[in-house]
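I am opening my notebook to record what I looked up in this structure, one topic at a time. The entries begin with a loop residue and then move to the helices.

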Amino acid sequence: MKPIKLDFNAHALRGSLDVPGDKSITHRAIMLGSLANGTTTVSNFLPSEDCLCTLEIFQQLGVPIERDGEMVTIEGKGASGLEEPLKPLYFGNSGTTARLMLGLLAGLPLFTTVYGDQSLSKRPMDRVIQPLQQMGASIYGRDHHKRLPLAIIGKPLSGMTHKMPIKSAQVKSAMLLAGLHADGQTTVIEQTPTRNHTELMLRSFGISLETENNHITIKGKQQLKATKVNVPGDFSSAAFFLAGALLLQGSQLVIKNIGLNPTRTGMLDVLEQMGACIHVTEKNETGGEPVGDLVIESGTLQGTTIGGNLIPRLIDELPIISLLATQAEGKTIIKDAKELRVKETDRIKAVVDVLTTLGATIEETNDGMIIYGKKALTGGYVSAYGDHRMAMMIVIASLITKQPVHIDNLSCINISYPNFIHDLKQIVI
C-alpha cells in the first residue's frame, strides 16, 4: 500500500467543534439498553467500527435495534430475552467490547463463541477470565484460556469479592456485569479509581450500587429499566484537537459538549502542570456524567513528570501527551504506564519509534518514556501500527513538522473517529 502524504499547511486551529459521542459510554449504553426491559434511546451514538461491532453483537443476540444516524432505539426484553446466537460473535478490534461481553455472557444461559481481529487476538483476556472463573464461569480458549477466540458456556455464577491486581476499568466493568446476574453480591476493590462510566450508567438504568473507599458493590438479580441516554462528546477524541491548538501558535479553539468525568480528564491536570491555557465553560450534566466546553489557546509548555494514580485517568491520551512533550521546555517523564504495552499495539515502543523518526529525542523505559524538549520535528515515513490513537497522533504531529509526514495507513482511525480528518480540516487555517 502506498504511504499517505499528510500535508495540511496548517498555521493555527481556530473556530468551534463538536466531537463525536464518547466511545466508552456508547458501548455501555448499547449493552445496558439491550439488557433492560422497555425502549431505550441513545442519542449522539458514536458510529465507529468498535461501537457498531457492539451494536451488531446484540442484534445477533436477538435484540431489536434500529439506528438512524446518531440516534439508536433499542427494544429491550431483559437479559432473559437474549437469544443464543447462530454464529460466533465478532468483537473486531474492541477491547472494551471483548472484556465487558465476557462478564456479561458468563452468567447467562447461552452458549457463545467469540473472536476478534488479529490485534485483539493478541491482547490478554485472562485478567477478566480468571476472576470470572472464580465466580463459576466456564470459559475456554487459546493459550490456556487467555486469548481469543473463546467459547463461553453460560451458567449461574456466585457473587464474590475481587481485589483488583491491576488498574483496569474494563476488568471492573466485566465483574460488575457478571455480578448483576450472579447470586448474592459482588464487590470489586480498586487500587485507585478508574473510569466509572459503568457505575454511573448502571444507576441511570435503575440499578442499586454502593461505592465507598474504592469498594464497588452490586447485588445480583436486579432488573434494568429502560431509559434515555445522551452520550457526551468523547474527551479522548477531543484530546487530539486540544493538542493541535496548543502546538500551533495563534490558535483559538472551542470544543463543545465534552464529557468531563474526572476519571477521564487526567490530561487536563497534566496540561495545567505544563502551563497550558485551557478553560472549562458551560458546565452541565447528563446521566450523571459532567459535560462542558473547552476553550484552548496556544502558549508555551513546560516539561513535567506523569505517573502514579494519574495514569488510569489519561492512559489513552499518553501518545498525544508525548507529542506535546516534544515541544515543551525541559524534560517530561512518563512512568507507571506499563499498561500501554497491551493496548492495540505496544504503545510505548510505537510512540518512541514514531516520534524518534520524526526528529524527537525520546527514550523508552520499562514502564514509560523520557522525552526531551524542545525539539523541532522534521518529517518522514512512519507507521500507525494499525492503532487508531497512534494514527491520530501522527496526523497532529504533521501539523508542526518542517517536512511532510508519510503514514502507512489511516483507515484504523475508523475504529474510534471516522470523521477525524474531515473535522480537522474544518478548523485548520
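**Entry 1: backbone angles in loops**

I began with Lys-221, which I found in the loop between strand 13 (215–219) and strand 14 (228–230); helices (H or I, at least four residues) and strands (E, at least two) are DSSP runs, numbered from the N terminus. Before going on I noted that this is a predicted model, in which local features need pLDDT of at least 70 and side-chain atom pairs count only at pLDDT 80 or more, while totals for chains, interfaces and linings use all residues. I also noted that residues are numbered from 1 along each chain as its sequence is written, and that side-chain values use heavy atoms, with hydrogens and water left out.

Phi of Lys-221 is near 70 degrees, a positive value in a residue other than glycine. I wrote beside this that most residues other than glycine have a negative phi, and that most peptide bonds are trans. Lys-221 counts as exposed because its relative accessibility is 52%; buried means under 20% relative accessible area, exposed over 50%, and partly exposed in between, with a 1.4 Å probe and protein chains only.

I then turned to Asn-44, in the loop between strand 3 (37–43) and helix 2 (49–60), where phi is again positive in a residue other than glycine, near 60 degrees. Asn-44 is buried, as its relative accessible area is 19%.

For Gly-69 I looked in the loop between strand 4 (65–68) and strand 5 (71–77), and with a relative accessible area of 38% this glycine is partly exposed.

**Entry 2: cis peptide bonds**

Which residues are joined by a cis peptide bond with omega of about -5 degrees? I found that these are Gly-373 and Lys-374, and Lys-374 sits in the loop between strand 21 (368–372) and strand 22 (380–382). The peptide bond from Leu-148 to Pro-149 is also cis, with omega near 0 degrees, and Pro-149 belongs to strand 9 (residues 147–153).

**Entry 3: helix 9 and its neighbours**

I noted that two packed helices are described by the angle between their axes and the distance between the axes. Helix 8 (residues 235–247) and helix 9 (residues 266–273) have axes 11 Å apart and pack at an angle of about 20 degrees; axes are lines fitted to C-alpha atoms, for helices over the stretch in contact, and angles run from 0 to 180 degrees between N-to-C directions.

On the side of helix 8 the contact is made by Phe-235, Ala-239, Leu-242 and Leu-246, and on the side of helix 9 by Met-267, Leu-268 and Leu-271; contact means heavy atoms within 4.5 Å. These residues divide into seven nonpolar, no polar and no charged, with Ala, Val, Leu, Ile, Met, Phe, Trp, Tyr, Cys and Pro counted as nonpolar, Asp, Glu, Lys and Arg as charged, and the others, Gly among them, as polar.

Next I compared helix 9 with helix 10, whose axes are 11 Å apart at an angle of about 10 degrees, which makes helix 9 roughly parallel to helix 10. Met-267, Val-270 and Leu-271 of helix 9 meet Ile-320, Ile-321 and Leu-324 of helix 10, and this contact divides into six nonpolar, no polar and no charged residues.

The buried residues of helix 9 are Gly-266, Met-267, Leu-268, Val-270 and Leu-271, and they pack against helix 8, strand 16 (277–286), strand 17 (289–297), strand 18 (305–306) and helix 10. Helix 9 is followed by Gly-275, whose phi is positive, near 90 degrees.

Is Leu-324 buried or exposed? Leu-324 counts as buried, because its relative accessibility is 0%. Not counting residues up to four places away in sequence, Leu-324 touches Ala-243, Leu-246, Leu-247, Met-267, Leu-271 and Leu-301.

Thr-326 is found in helix 10 (residues 318–326) and is buried too, at 0% relative accessibility. A polar atom of the Thr-326 side chain lies 2.6 Å from the backbone oxygen of Leu-323.

Key
Polar contact = N/O pair within 3.5 Å; in protein donor to acceptor, adjacent residues only side chain to side chain. Parallel < 35°, antiparallel > 145°, perpendicular 65-115°, else oblique.
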